[in-house]
Amino acid sequence: MTAPVLQLDNLNKAYGALQVTKSLSLEVLPGEIHAVIGPNGAGKTTLIGQIAGNVESDSGKVIFAGRDVTGLAVARRGQLGLGRSFQITAILPEFSVLENVALGVQARQGHSFHFFKRAATDRSLNTRALGILETVRLSHRADTRAGNLSHGEKRVLELAIALAGEPKLLLLDEPMAGTGPDETKNLVEVLKSLKASIPMLLVEHDMDAVFQLADRISVLVYGGLIATGTPDDIRNDAKVREAYLGEDETA
Amino acid sequence: MTGTALLFRNRIVPVLLFSLLALVPVYASLTDDRFILLFFTRILVLAIAAVSLDFILGLGAMVSFGHAAYLGLGAYAVGILAESDIWDAWISLPVAVLVSGLFALVTGAISLRTRGVYFIMITLAFGQMAYFTATSLSAYGGDDGLTLWGRSEFFGTGLFSGDTSFYYLVFAVLLAATLLLKRIAASRFGRVLKGARQSEARLHAIGIDPYRYRLAAYVIAGMIAGLAGALMANQSEFVSPAYMSWQRSGELIVMVILGGLGSLHGAILGAIAYLALEEVLAGYTEHWRLIFGPLLILVVLYGKGGLLGLIKGGEKS
Amino acid sequence: MSTTLLAVQTLNGLQLGILLFLIAAGLTLVFGVMDFINLAHGVQYMLGAYLAVAGYQLTGSFWLALPLALLAALACGLLLEFLVFRHLYDRDHLDQVLATFGVILFLNEAVRVIWGAAPLSVPVPELLNGSIRLFENFNYPVYRMALLAAGLGVAVLLYVLVTRTRVGMLVRAGASNAPMVAALGVNIRRLFMIVFGFGAMLAGFAGIMAAPILSVEPGMGDNLLILAFVVIVIGGIGSIRGAFLSALLIGLVDTIGRSFATDIARLVLPPSAANDVGPAIASMLIYILMAGVLFFRPSGLFPVRSA
């Protein structure tokens, strides 16, 4: 079996008396989209935080591309190839769309202690940035001020910035949050096209999108995984049905 | 903001500004007005410090409430060397810059671990420490300060002593500093600073830890302000702890905000506006602060983006 | 170093601390609840002192001047809130800094125009005149003891108000998460006004109490303002309890530090150097203290703000 790109080994996190992540183990294999779903309050945000490095786990390991990154800072994990999109959009609103992605490209190229060459006209950055924007179908908005984009376009830009880092894994925190039907469709198509080259851990509420994209689904309830399997397995799982009783389900 | 307005603000205004400033000595000699030459020399010296502050405050959102400390460090470098009978500018100016850079490196490394109001307070604290250290230097005047009997020497050229030549020296330093900082602001380094201001989380996620970039920017700004301090000691031929007071640091912040954050040349406008307004109003009444205070308030309430914002009447950029 | 001197300076330090607390309490609430950096809080203190002088000149009695000045200080505070501050709540901190800086300039000058630049004072009221013997060889001015008592009384009152009343609960909630409180349907504007007015009154009260013992002059609030900011940063922004403890701490450290710094410096340095270094270190002490506290507790001793 091929080595997983991401391996979570018995992760635990408690806030006071509340155990938010319970002995969680999970893998993301190359070439797959592994979705994590679960009712609200299940601990998905904390989990993302533990993988990305914002949240310090109480115990357990995060192994990324064969390397134990559990103690490493967020920026270091980013440098090692962990790409991320945020649930609450974290783009750079004053920069143009192009400049947002160019910054991602710039970060990939190493340190930024370059003081004299003009960044805005740097072809080595802009060419690659435009290429990424074309992949996500946002190149027509390259010169727009990022803060002026529609909500859905901003979500796409989130993805583009993460892609600029040539990530070995994409951590997607509710990329469809708040997007309309057209934008969702666009995002799903883009993610499908990227799947082969970049494995993804996708946290999402939009069940339609999840079932279209995911190769495997893990279900998180109260900090613990109750099921992992193919979309069909999950659809038919009794425990999952029970957990979602009363929740909006479109499967 | 429209393309034309942006062009006006970013290209034409600074060119106009520097052209006009270059003509001040000409105007002064034509009208036989020595005062205006000396006055603008003082303004330009402070403008250098203001521009350096705008670099870290406007671009990098580092609100340093202790920036005047560098003015003081640079001034005292000149003063202390002068007391030891060392007047050569090619010694005292580099010493001023170096000492300021070191102070910025040490205090910045500590301060930049904090954010928001804590950063403001820590920089204030370091500024106060510099201030009180200066008051304790009784050998160099302590609280009362130190009078310098003469100006720095530059290979016997009298560059520092002549009114006009000194003005053009300060002008050249201001121009060079502004151009340098604008260059850096447009570089990859500058992009990181500007990006970190907008979303710290995003930068970490793509693998950039803003800390070292901010520290580098802080040191650069400190060194330039230190150079301004050395020039200030020459300009007033006097060195005193008051150069480093928190009120001085506050004034620098006011100048930067007044001019419009982040444009760099805006800080020069802010310095000119602040000092010229002070001078003009003081000519009318000794209670000029009664007018100046509310004016500042009005600028904040109705002038979005400072003076530069008034020029284009648009959104803050 | 005599014990009497130490005892006197300890009491002096507590007294400075109480004064700082009265100023800092309003400051920390305004900053905590309204996220508003009010540099003009120091002039609020100064106004209290000047209004006490005016009240005394009007009535000839400290006891009559006290309530009059207090009401006038409250009125001034609310007027400032209405004219200037309320337009700044939604602005970013730098705008607030600039605008309140303008207020300081204006009011420091206004006070100079109305009362002149020469230092003024109010005589200590008859009732509180003289000294009281605490121990053998140890007399302490009655007025200063009264100040301590009054300040502690206000602290207790504040504690009761904040922890036992409904408004107090809203204030504490607002300090920890203001948008949430607004979202819950509370009239946040009215809450802000109450918080602001009360803070102004506290600072004004401090000024009134200080008038008999400190010189009343333009700019008297500026240095205390800086100290007050150090107090609230150490204590934790938004925390009254933090402000109280940290104010007392700073009052003590500053006062006792200044008394003994030169003596301590003499232990390790030659006298001439010690005479220079002593006062300098004394002035730096509270900043060193602040840096130290922030190193171990980056959000202060009793942080209140939720993430």
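Analyst: A residue counts as buried if 20 or more other C-beta atoms lie within 10 Å of its own. The complex shown here is a predicted model, and in chain C buried residues make up 50% of the 307 residues.

User: What makes chain C as compact as a globular protein of its length?

Analyst: The globule rule gives 19 Å for 307 residues, and the radius of gyration of chain C is 20 Å; the two values are close, so chain C is as compact as a globular protein of that length. Along the principal axes, the C-alpha atoms of chain C fill a box of roughly 60 × 50 × 35 Å. The chain has 10 helices and 2 strands, and their order along the sequence is α-α-α-α-β-β-α-α-α-α-α-α. Of the contacts in chain C between residues at least 6 apart in sequence, 77% join residues at least 24 apart.

User: How confident is the predictor in chain C, and what scores does it give the complex?

Analyst: The average pLDDT of chain C is 86, and 99% of the residues score at least 70; the scale runs from 0 to 100. For the complex, the predictor gives an ipTM of 0.91 and a pTM of 0.89.

User: How is the contact between chains B and A made up?

Analyst: In this case 20 residues come from chain B and 29 from chain A. The side of chain B draws two or more residues from each of α7 (163-185), α8 (188-198) and α9 (200-205), and α8(B) gives the most, with 6 residues. This side of chain B has 9 nonpolar, 6 polar and 5 charged residues.

User: Why is strand β3 of chain A called mostly covered?

Analyst: Strand β3(A), residues 33-37, has 5 of its 5 residues buried. A:Ile33, A:Ala35 and A:Ile37 lie on one side, A:His34 and A:Val36 on the other, and all are buried, so that both faces are covered.

User: What makes β3(A) a paired strand, and which strands does it pair with?

Analyst: Pairing requires at least two bridges between two strands. Strand β3(A) has 4 bridges to β8(A), residues 200-203, and 4 bridges to β9(A), residues 216-221. The strands run parallel in each case. A:Ile33 has A:Met200 as its bridge partner in β8(A), while A:Ala35 stands opposite A:Ile217 in β9(A).

User: How is chain A divided into domains, and how do the domains meet?

Analyst: The domain assignment gives domain 1 (1-81 + 167-251) and domain 2 (96-163) of chain A. The centres of these domains are 26 Å apart, taken over C-alpha atoms. In chain A, 10 residues of domain 1 are in contact with 11 residues of domain 2. Helix α6(A), residues 181-194, gives the most to the domain 1 side, with 4 residues.

How values were computed:
Residues numbered from 1 in each chain as written. Chains lettered and ligands numbered in written order. Predicted model: local features only at pLDDT ≥ 70, side-chain atom pairs only at ≥ 80, totals over all residues. Domains from an automatic or database assignment. Contact = placed C-beta atoms within 7 Å. Nonpolar A, V, L, I, M, F, W, Y, C, P; charged D, E, K, R; others polar. Buried ≥ 20, exposed ≤ 12 C-beta atoms within 10 Å, placed from the backbone. Rg over C-alpha atoms; globule rule 2.2 N^0.38 Å.
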